[in-house]
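Grab a pencil and work through these exercises one at a time. Try each task yourself before you read the solution.

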Amino acid sequence: MYEKEKQSLIDCALELKRCRLVTLCGGNVCVRLADGNIAVTPSGLDYEVMTADDICIVDSMGKRVEGHRRPTSDLDAILFIFQKMPGVNATIHTHQPCATALGLIADVFPACLVSQIDALQGDVPVAPFTPSSDKGMGELTVQYANGSNAVILRSHGVMAFGSSLQIALYAAVYLEEAAQTYLTALATGRQVQPLSPEMVKAELGEPDSWANYLQT
């Protein structure tokens with residue numbers, strides 16, 4: 001079952017790898033399915049060798065429904081996000097270097113680039129540190145999200161999310177691109193000027209307009 005959905009997780013993970021947001025078996029990709037079950041990448045398996053049979057299907061409580069692999073160790077955190085954020089149907093966890101580096105020196109990534117605003121809806125918050133596999137990753141994501149499509153987890157990585165896997169993927173990828181640009185600007189030693197709320201609003205346009213740009 002769920003062959004198309006399973007393959008979409010693998011395709012997404014491979015795109016994350018192509019964009020250098022993950023290495024080897026780092027991070028995870030999860031999607032809430034139409035029947036309420038959740039498809040999730042397995043723990044400790046390189047995406048290059050992953051097949052649809054390796055994808056885990058669990059119910060909303062984390063009980064295995066289908067698959068022989070052990071799901072990601074971050075499952076409890078992800079289930080918490082799905083429970084508390086009903087509009088979220090996909091999560092992507094990465095250890096992407098530029099966004100994670102930014103989280104070491106800032107409490108928020110201020111809105112300053114159009115791609116950041118489009119894909120992430122403005123400022124990107126930085127949440128306190130939580131260790132790997134801790135449910136606190138999910139709790140802090142919910143607590144700090146504040147309308148963004150991603151939260152930077154200090155000294156850890158990024159949790160990106162959205163109403164679809166495509167939106168979550170765009171959030172993760174464009175966050176990394178924007179963070180790299182921002183860090184490059186900071187390296188000049190000059191102050192980076194954030195955009196005003198009026199400018200951010202002008203770029204955002206109508207609610208969910210960014211989602212409408214993504215052709216499916």
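**Exercise 1.** Are phenylalanine 109 and tyrosine 182 buried or exposed? Then work out what kind of ring pair they make.

*Solution.* Keep in mind that you're looking at a predicted model.

- Step 1: Check the cover. Phenylalanine 109 is buried, and tyrosine 182 is buried too.
- Step 2: Look for ring pairs. Searching the whole structure turns up 2 aromatic pairs. In the pair formed by phenylalanine 109 and tyrosine 182, the ring centres are 5.0 Å apart and the planes meet at 45°, so we call it tilted. The reason is that tilted pairs are those between the stacked limit, under 30 degrees, and the edge-to-face limit, over 60.
- Step 3: Find the rings in the fold. Phenylalanine 109 belongs to strand S6 (residues 108-109) and tyrosine 182 to helix H6 (residues 165-186), so the pair ties together parts 73 residues apart in sequence.

**Exercise 2.** Which residues have the most contacts inside the largest nonpolar core?

*Solution.* 

- Step 1: Start with the general idea: nonpolar side chains in soluble globular proteins tend to be buried together.
- Step 2: Here the largest nonpolar core has 44 residues, and the ones with the most contacts inside it are Leu16, Val29, Ile92, Phe109, Ile152, Leu165 and Leu175. H6 gives the most to this core, with 9 residues.
- Step 3: Zoom in on leucine 165. Skipping neighbours within four places in sequence, leucine 165 is in contact with Ser8, Leu9, Cys12, Val29, Val31, Ala90 and Ile92.
- Step 4: Another core, of 21 residues, lies apart from the largest one, and Cys30, Met85, Ala127 and Leu140 are among its members.

**Exercise 3.** How many of the residues of helix H2 are buried, and what covers them?

*Solution.* 

- Step 1: Count. In helix H2 (residues 75-84), 7 of the 10 residues are buried, so the helix is largely enclosed by the rest of the structure.
- Step 2: Name them. They are Leu75, Ala77, Ile78, Leu79, Phe80, Ile81 and Phe82.
- Step 3: Look for the cover. It includes strands S1 (28-32), S2 (38-40), S3 (56-58), S5 (90-94) and S9 (157-162), plus helix H5 (136-144).

**Exercise 4.** Tyrosine 2 and asparagine 146 have a positive phi without being glycines. Where do they lie?

*Solution.* 

- Step 1: Tyrosine 2, with a phi of about 60°, is in the segment before helix H1 (3-18). It counts as buried, at 14% relative accessibility.
- Step 2: Asparagine 146, with a phi of about 50°, lies in the loop between H5 and strand S8 (150-153). This asparagine counts as exposed, at 74%.

Note on methods
Residues numbered from 1 in each chain as written. Predicted model: local features only at pLDDT ≥ 70, side-chain atom pairs only at ≥ 80, totals over all residues. Heavy atoms only, no water. Phe/Tyr/Trp six-rings, centres within 6.5 Å; stacked < 30°, edge-to-face > 60°. Helix = DSSP H or I, 4+ residues; strand = E, 2+ residues; numbered from the N terminus. Buried < 20%, exposed > 50% of the residue type's maximum accessible area, 1.4 Å probe, protein only. Core = buried A, V, L, I, M, F, W, Y, C linked by side-chain atoms within 4.5 Å. Contact = heavy atoms within 4.5 Å.
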